[in-house]
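Here is a short tour of one protein chain, meant to be read with the structure open beside you. Take a moment to turn the model around before reading on.

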Amino acid sequence: MTSFTIRRLGPEDGPALAQVARDETDFTDEPPSPPLTPDAARAYLSDPGVWHWHAEDAGGNPVGFLMAYVHRRRHGEPLDVMFEEIGVRRSWRRRGVGRALVDALHAQMRGHGIGSVWVAADSEEARAFYEACGYELDELQGVILSRAGDEGAY
């Protein structure tokens, strides 16, 4: 098995985020995303509520990523985690990269005393992966709604 390392990105890792954005199709099968500006990337990676890891090959190139948000709650446990997104380069899939990234998330949660995490699966393949990582079907959500902000409001 080819080796890789997992590390949580910090405020100076904007170029690593930009590389994943440029290569997004290889990681997530979705069209590339426009990268954040350097200031926006620094703010994103400095936010204590944003947890972002990369799996990197021996040369330091990203081969996978995982990002999650810590949420404050108004009742029950004070914090939970929304596991937002994971992606692994096609050539690195089925080599333990995704599982290692999820393990890093769970270790971070334990270190912060957070016991609850949730993720939305958007395909049967994703659902099978999450279930293999110990996740269980909680409830089915039939509708996702969104709203773009008014021009200049944000």
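**Briefing: the chain at a glance**

Starting at the N terminus, the elements of the chain follow the order β-α-α-α-β-β-β-α-β-α. With a radius of gyration of 16 Å, close to the 15 Å that the globule rule gives for 154 residues, the chain is as compact as a globular protein of that length. Please keep in mind that this is a predicted model.

**Overall build**

- The secondary structure amounts to 5 helices and 5 strands.
- Among contacts in the chain with a separation of 6 or more, 59% are between residues 24 or more positions apart.

**Surface and charge**

- Of the 154 residues, 36% count as buried.
- The chain has an accessible surface of about 9900 Å², and carbon and sulfur atoms contribute 51% of that.
- There are 16 positive and 25 negative side chains, and the centres of these two sets are 3 Å apart.

**A closer look at His-54**

- You will find His-54 in strand β2, which covers residues 50-56.
- Is His-54 buried or exposed? His-54 is buried, because its relative accessible area is 0%, and buried means under 20%.
- Leaving aside residues up to four places away in sequence, His-54 touches a set of residues that includes Thr-5, Ile-6, Arg-7 and Leu-9, as well as Ala-16, Leu-17 and Val-20.
- Pro-62, Gly-64, Phe-65 and Leu-101 are also among the residues that His-54 touches.
- His-54 and Leu-101 are 47 residues apart in sequence, yet their C-alpha atoms are 7.6 Å apart in space.
- The side chains of His-54 and His-52 are joined by a polar contact of 3.3 Å.

- As background, most residues other than glycine have a negative phi.
- Asp-29 is not a glycine, but has a positive phi of about 65°.
- Where does Asp-29 lie? Asp-29 is in the loop between α2 (24-28) and α3 (38-46), and is partly exposed with a relative accessible area of 45%.
- Arg-94 is likewise not a glycine and has a positive phi of about 65°.
- The loop between β4 (79-88) and α4 (97-111) holds Arg-94, which counts as exposed at 80% relative accessibility.

Conventions. Residues are numbered from 1 along each chain as its sequence is written. This is a predicted model: local features need pLDDT of at least 70, side-chain atom pairs count only at pLDDT 80 or more; totals for chains, interfaces and linings use all residues. Side-chain values use heavy atoms; hydrogens and water are left out. Helices (H or I, at least four residues) and strands (E, at least two) are DSSP runs, numbered from the N terminus. The radius of gyration is taken over C-alpha atoms; the globule rule is 2.2 Å times the number of residues to the power 0.38. Buried means under 20% relative accessible area, exposed over 50%, partly exposed in between (1.4 Å probe, protein chains only). Contact means heavy atoms within 4.5 Å. Accessible areas come from the Shrake-Rupley method with a 1.4 Å probe; for residues, only the protein chains shown count as cover. Lys and Arg count as positive and Asp and Glu as negative; His and the chain ends are not counted. The place of a charge is taken as NZ of Lys, CZ of Arg, CG of Asp or CD of Glu. A polar contact is a pair of N or O atoms within 3.5 Å; within protein, one must be able to donate a hydrogen and the other to accept it, and residues adjacent in sequence count only if both atoms are side-chain atoms.
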